[in-house]
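Dear colleague,

Please find the sequence and the structure below. My notes on them follow directly after.

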Amino acid sequence: MMGEPLRVVVIGGGISGLSAAHRLIELRGEKRLPLEVTLLEAGGRVGGGIQTIRQDGFLLEAGPDNFITTKPWGVALCRRIGLAGRLLQTNESNRRALLVHRGRLHPIPEGFLMLAPTRFMPLVTSPLFSWRGKLRMAMELFLPARRDNADESLASFVTRRLGREAFERAAQPLVSGVYTADPNHLSLRATMPRFLDMEAQHGSVIRAMWREQRAAAKARKRRSGETERRGGDSGARYSMFVTFDEGLQTLVDALTARLPEGTVRLNRGVVRIAPASEEDRGGPSPRWRIVLEDETSLDADGVIVAAPTHRAARMLEGADATLAAHLAEIEYASSVVINVAYRQGDLRRPLDGFGFVVPSIENRSLIACSFSSVKYAGRAPEGYALLRCFAGGAIQPHIYEWDDDRLTEAVRREMKDLLGIEAAPLFTRIHRHPRSMPQYPVGHLQRVAQIQAQVGLHPGLALAGNAYAGVGIPDCVHSGETAAEGLVNTLVEKTGP
Ligand SMILES: Cc1cc2nc3c(=O)[nH]c(=O)nc-3n(C[C@H](O)[C@H](O)[C@H](O)COP(=O)(O)OP(=O)(O)OC[C@H]3O[C@@H](n4cnc5c(N)ncnc54)[C@H](O)[C@@H]3O)c2cc1C
């Protein structure tokens, strides 16, 4: 295809925007399109919430620290850009999660995965649940399945199927550690639909998970001749998570390096996107005028908005008030990551897990804590340990507001209470993530459908990001790539081959 280049602007340089820009460049090569791509980022660096920092031989993650491989888009992208060999799996030993119960740490029973137990004996012998609670969970096998297919909050689903204890003591903290959300509002259909499908198809979540595990073990055995291994993970399915030897920044850097020089423009916050006026257009394109904070502007045939919806809403107010209003309705939670480094000798108990989660009924100031140097190799120098605490979120928004001194003090108190660490850490690094985690309440999918319908009225406009169809890194990659593909199809249709 020849002629005037098609100009596409991507707004936002987080993983969603980078994936979109990268996919546009891939498509340019694959379809031999005369495509000119610009990525506008408000801040002074790309990566958004993803940032890896080196300090005194430690490798700190300021935001996310790994991603799941069962959603294929993250790993597929790594393969395409030559990063597959740098993917790092979680360590084999201590592959389990702990949970705070009555002020003490206990292992989550082996086989208890996110919402439900899949193994009998570890549950029976666990001190985390009362006998009543355990019996109530076992009853899940015999409870009738709900007939309608309506959305439901996570709290309602788990309490209905497995009882209050399973919810308060396990499902709530495990899910809050991922979504920083209030499970009383969190939509199960939008976040973990497989559990609703399990109920619908198998009549019981526990039975469905048993069947799933048996099938997976058989497949493994067939593939590698390995003996069937029972159980394994607890809490999250840790065997399915990966990062990179040098941290998640590796992905951000690799994507950025593959974009043609000059594509990424930093410190270029967008304030407004509007259809360019008729006379400015002078033909079918350019169609969109993008106005920056410094009042300069650029025109484009296509725009992908990959900024958080509270920012996107403001940009699009003038272009489509209805779309902006829907976007503005999506709420976000703020959270804070606190990396703390210790000498091994200062630890009073072994770090015998990948970390712990904290039920909100425990009334503590942390949501969770990862034992980073136990979970992944190369996170701390020999003889040292790195822990990564997580606070704030939708359930404890006031903690996000604490100043750094108060947060540091709170973390020190929790480390002393829960891990018996009396010594001061070597260092503490605090990273705040204001309004960064979109909340997916019951009804979220309808809202997203409304947004998509409204976007469909504007050829040449696309949205990407963690606010629509998943917050995880693979979801964001998928969202960026899908936006790029959709936009290229529209532009090619408009201008002809
Ligand atoms: C603390 C934390 C831990 C997490 N842990 C994990 C994890 O372990 N695994 C996992 O898979 N996921 C995790 N997530 C979720 C995942 O990291 C995020 O959903 C994902 O990084 C979001 O990427 P994004 O590009 O959609 O948004 P962002 O990273 O928020 O990027 C948006 C970008 O848009 C820019 N921008 C905003 N306004 C404008 C404007 N007006 N003009 C131009 N640019 C603008 C911003 O500066 C930013 O760079 C975590 C999230 C947080 C906050």
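I begin with a hairpin: β3 and β4 form it with 2 residues between them, and Asp56 in the turn has a positive phi of about 50 degrees. Helices (H or I, at least four residues) and strands (E, at least two) are DSSP runs, numbered from the N terminus. Strand β3 covers residues 52-55 and strand β4 residues 58-61, and they pair in the antiparallel sense over 4 bridges; strands are said to pair if DSSP finds at least two bridges between them. Phe58 in β4 is the bridge partner of Gln55.

Please note that this is a predicted model, in which local features need pLDDT of at least 70, side-chain atom pairs count only at pLDDT 80 or more, and totals for chains, interfaces and linings use all residues. Residues are numbered from 1 along each chain as its sequence is written.

Confidence

The pLDDT, which is the predictor's confidence in each residue from 0 to 100, averages 92 for the protein, and 94% of the residues score at least 70. Over residues 227-231 the pLDDT stays under 50, and the model has 6 contacts for them beyond four places in sequence. Two residues are in contact if their C-beta atoms, placed from the backbone, lie within 7 Å.

Domains and ligand

The domain assignment, whose bounds come from an automatic or database source, gives domain 1 (6-37 + 264-330 + 441-495), domain 2 (66-93 + 332-438) and domain 3 (109-234). The centres of domain 1 and domain 2, taken over C-alpha atoms, are separated by 33 Å. In domain 1, 15 residues are in contact with 10 residues of domain 2. On the side of domain 1 that touches domain 2, α12 (309-316) and α18 (473-495) each supply at least two residues. The helix that gives the most to this side is α18, with 6 residues.

Around the ligand there are 36 residues, the closest being Gly12, Gly14, Gly48, Pro64 and Asn466; a residue is near the ligand if its C-beta atom, placed from the backbone, lies within 6 Å of it. Two or more residues of this shell come from each of α1 (15-31), β17 (332-343), β21 (427-438) and α18. The shell divides into 16 nonpolar, 17 polar and 3 charged residues, where Ala, Val, Leu, Ile, Met, Phe, Trp, Tyr, Cys and Pro count as nonpolar, Asp, Glu, Lys and Arg as charged, and the others, Gly among them, as polar. Because domain 1 and domain 2 both give residues to the shell, the ligand lies between them.

Sheets

An open sheet of 5 strands has the order β12-β2-β1-β16-β22, with parallel pairing. At its edges stand β12 (264-265) and β22 (461-463), each with a single partner strand, so one side of each is left without a neighbour in the sheet. Strand β16 (residues 302-305) runs parallel to β22 and is joined to it by 3 bridges; Ile304 has Ala462 in β22 as its bridge partner.

A further open sheet is formed by 3 strands in the order β5-β11-β6, and its pairing is antiparallel. Strand β5 and strand β11 (residues 241-244) pair over 2 bridges, and the bridge partner of Ile68 in β11 is Phe241.

One residue in its setting

His106 lies in strand β8 (residues 104-107). Leaving aside residues up to four places away in sequence, His106 touches Leu98, Leu99, His101, Pro127 and Leu128.

Yours sincerely
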